[in-house]
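Keep the model open as you read.

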Amino acid sequence: MIGWLMKKIKLTNIIRVSSLVILTSSVFALSSVLETEEQLKAIERAHTATGDLKLNFRRTLKEELDKGGPAKALPACRVKAPKITNKSLGESQVIRLGRASHRIRNPLNIPPDWVKPYLEKFSQANTSDIPKHVLVELNPHRYGYIEPIFVEPICLNCHGQDLGKELREAILKDYPLDNATGFKAGEFRGLLWLEMKK
Ligand code: HEC
């Protein structure tokens, strides 16, 4: 019974690992794929952290849009560093995180060097070839984790094609170098990256 269970667990892992391999290999060489038990657990930890983050982000964004329209809701699309104190981030051992894009609104959203090649490759790939996530071993104590961000209909309010004069002006007031408009739903918008303890 135990033997059978062990086999089943192993098989489940193999299936999960191979789906990661397929997703990742379409953009990157197989050699960059990590597949130990520890790494799968790290991916789960990262999922918990980003899942909560995205849920809160969406909720706030929608509330603020409903309340005052896009021009007033602009600050709602910031991912603030203090959110690291957020329970699920702490439990996931996240050290730092951020968002990056090939078409940036806030020039302060600069990714760490290890993220840059992924940003470049993903921004040039077909959206269907972009892996759902990537785990990178940064050093013996730290993992890096990346998730692509795609444009959803709600994002078009502030990153779409027809923004209207008032909103356009409000954006340029805070972000004079804005390059993050003109997106269509489904397009690659950027990355969510994080670094966490092993
Ligand atoms: C209410 C307007 C608004 C909406 C709606 C909105 N954004 Fe943003 N977005 C902004 C602003 C303002 C910034 C700059 C935030 C900052 O200062 O870091 C930004 C920045 C970003 C960034 C960081 C990279 C950069 O360009 O600086 C990403 C990624 C992003 N938005 C994705 C999205 C996605 C995905 C959605 C939909 C789920 C969305 N945004 C909806 C206003 C908006």
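Start at Tyr-145: if you skip its neighbours within four places in sequence, its contacts are Ala-46, His-133, Leu-135, Trp-193, Leu-194 and Met-196. Bear in mind as you look at them that this is a predicted model.

Tyr-145 also belongs to the largest nonpolar core, which has 22 residues. Along with Ile-146, Leu-191, Trp-193, Leu-194 and Met-196, Tyr-145 is among the members that touch the most others. Which elements give two or more residues to this core? They are helices H2 (37-73) and H4 (116-124), together with strands S1 (94-100), S2 (134-139), S3 (142-150) and S4 (188-197). S4 puts in the largest share, with six residues.

For a look at the helical side of things, go to Tyr-118, which sits in helix H4. Is Tyr-118 buried or exposed? It counts as buried, because it has 22 C-beta neighbours inside 10 Å, and the cut-off for that label is 20 or more. Beyond four places in sequence, Tyr-118 is in contact with Val-134, Ile-146 and Leu-191.

Now zoom out. The protein has six helices and four strands, and reading along the sequence gives you α-α-α-β-α-β-β-α-α-β. Of the contacts between residues at least 6 apart in sequence, 72% join residues at least 24 apart. Buried residues, meanwhile, account for 21% of the 198 residues.

One backbone spot deserves a stop on the way. Gln-93 lies in the loop between helix H3 (87-91) and S1, and its phi is near 65 degrees, a positive value in a residue other than glycine. Gln-93 is partly exposed, because 17 other C-beta atoms lie within 10 Å, and that label covers counts between the exposed limit of 12 or fewer and the buried limit of 20 or more.

Of the 25 residues around it, Cys-77, Arg-105, Asn-106, Cys-155 and Cys-158 come nearest. The elements giving two or more residues to this shell are H2, helix H5 (156-159) and S4. H2 gives the most to the shell, with four residues. What is the shell around the ligand like by class? It has 14 nonpolar, six polar and five charged residues.

Notes: Residues numbered from 1 in each chain as written. Predicted model: local features only at pLDDT ≥ 70, side-chain atom pairs only at ≥ 80, totals over all residues. Contact = placed C-beta atoms within 7 Å. Core = buried A, V, L, I, M, F, W, Y, C linked by C-beta atoms within 7 Å. Near = placed C-beta within 6 Å. Nonpolar A, V, L, I, M, F, W, Y, C, P; charged D, E, K, R; others polar.
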